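Subject: Handing over the structure

Dear colleague,

Please find below the structure that I promised to pass on to you.

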Amino acid sequence: MKQKAIGKKIKAVIFDYGGVLVNDTDKAIMGDMARSCGLGTGSTAKAISQILGKYQTGKISSQGFWKIFEKKTRAKLPKNHEGLWLREYRLKSRQKKAVIKIIRKLKEKGYKIALLSNTIPPHAAYNRQRNNFSLFESAVILSNEAGLRKPDKRIYRLALKKLCLKPEECIYIDDKEKYLFPARKIGMKTILFKNARRLQKELSG
């Protein structure tokens, strides 16, 4: 979907995190979990998909996640199972310098910069400890803290409330089309992220 350049009405640019600001680590984490628990990747992915919504919205704790995961998969969890969400994430999660550069240029031009991300407590804590959200001074909306997750329209409206802006005054950037659709439905402009070069082109026209 071709996007227009930032128009005069735009006052804020809202970014997704995983897959946009940092590389996607989901496959690496899932593979590590499967190996560590003696499971296939398919059964691991299925179990996680059935629990993740509650974990990402803070309805269950990390301990609760593993308790349900163990019950669903009948796996014998290793002693270090609580660290499995972070082991590969620490090793392979890297910020995309070219995207960071784009964000800094947007800030210099006076745009509000916000973050809107589906995430889990271990990843949120890890990134906060390392000041990885420091660029997003206008608003940081994380699903596990908000109690909502994409594609629920309410989390996009929460971002607008925190920014004190109207939908048409914001652009939302995500690497997954399914999360752009609700943003467009409420009136935001959207950009499907492919790479930094293309993003720069779409923002500048």
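Glu169 is buried at a relative accessible area of 13%, where buried stands for under 20% relative accessible area, exposed for over 50% and partly exposed for what lies in between, computed with a 1.4 Å probe on protein chains only. The side chain of Glu169 joins that of Lys11 in a salt bridge, with 3.1 Å from N to O, and Lys11 is itself partly exposed at 43% relative accessibility. A salt bridge here is a side-chain nitrogen of Lys or Arg within 4 Å of a carboxyl oxygen of Asp or Glu. The two partners are 158 residues apart and link distant parts of the chain, since Glu169 sits in the loop between α8 (153–163) and β4 (170–174), while Lys11 belongs to the segment before β1 (12–15). The helices (H or I, at least four residues) and strands (E, at least two) are DSSP runs, numbered from the N terminus.

Before you read further, please keep in mind that this is a predicted model, in which local features need pLDDT of at least 70 and side-chain atom pairs count only at pLDDT 80 or more, whereas totals for chains, interfaces and linings use all residues. Residues are numbered from 1 along each chain as its sequence is written, and side-chain values use heavy atoms, with hydrogens and water left out.

**Other salt bridges**

Side chains of opposite charge can pair when their charged atoms come close. By the rule given above, the count of salt bridges comes to eleven. One of them is between Arg154 and Asp152, at 2.8 Å from N to O, and Asp152 is partly exposed with a relative accessible area of 25%. Another joins Glu202 to Arg198, whose closest N and O atoms are 3.2 Å apart. Because Glu202 and Arg198 are four residues apart in helix α10 (residues 196–204), about one helical turn separates them. Glu202 is buried, with a relative accessible area of 11%, whereas Arg198 is partly exposed, at 38%.

**Pockets**

Rolling a probe the size of a water molecule over the atoms shows where empty space is left. A pocket is found on a 1 Å grid over the protein atoms alone: whereas a cavity is a set of points where a 1.4 Å probe fits but cannot get out, a pocket is an open set with protein on both sides within 12 Å along at least five of seven lines, and lining residues have an atom within 4 Å of a point. Grid points are joined across faces, edges and corners, and a volume is the space filled by probe spheres set on the points.

The largest pocket has a volume of about 850 Å³, and of the 36 residues that line it, Asp26, Leu52, Gln56, Asn118 and Lys176 lie nearest its centre. Two or more lining residues come from each of α1 (26–37), α2 (41–56), α4 (84–92), α6 (121–129) and α9 (177–185), and α2 gives the most, with six residues. The second largest pocket has a volume of about 170 Å³, and its lining includes Ile6, Tyr111 and Gln200. The elements that give two or more residues to this second lining are α5 (97–108) and α10.

**Aromatic rings**

Rings of Phe, Tyr and Trp (its six-membered ring) pair if their centres lie within 6.5 Å, and planes under 30 degrees apart count as stacked, over 60 as edge-to-face and the rest as tilted. By this rule the count comes to ten aromatic pairs. Among them is the edge-to-face pair of Tyr156 and Tyr172, with 5.7 Å centre to centre and 90° between the planes. This pair links distant parts of the chain, with Tyr156 in helix α8 and Tyr172 in strand β4, 16 residues apart. Tyr156 is buried at 0% relative accessibility, and Tyr172 is likewise buried, at 0%. Elsewhere, Tyr55, Phe65, Trp66, Phe69 and Trp85 form one aromatic cluster.

With best wishes
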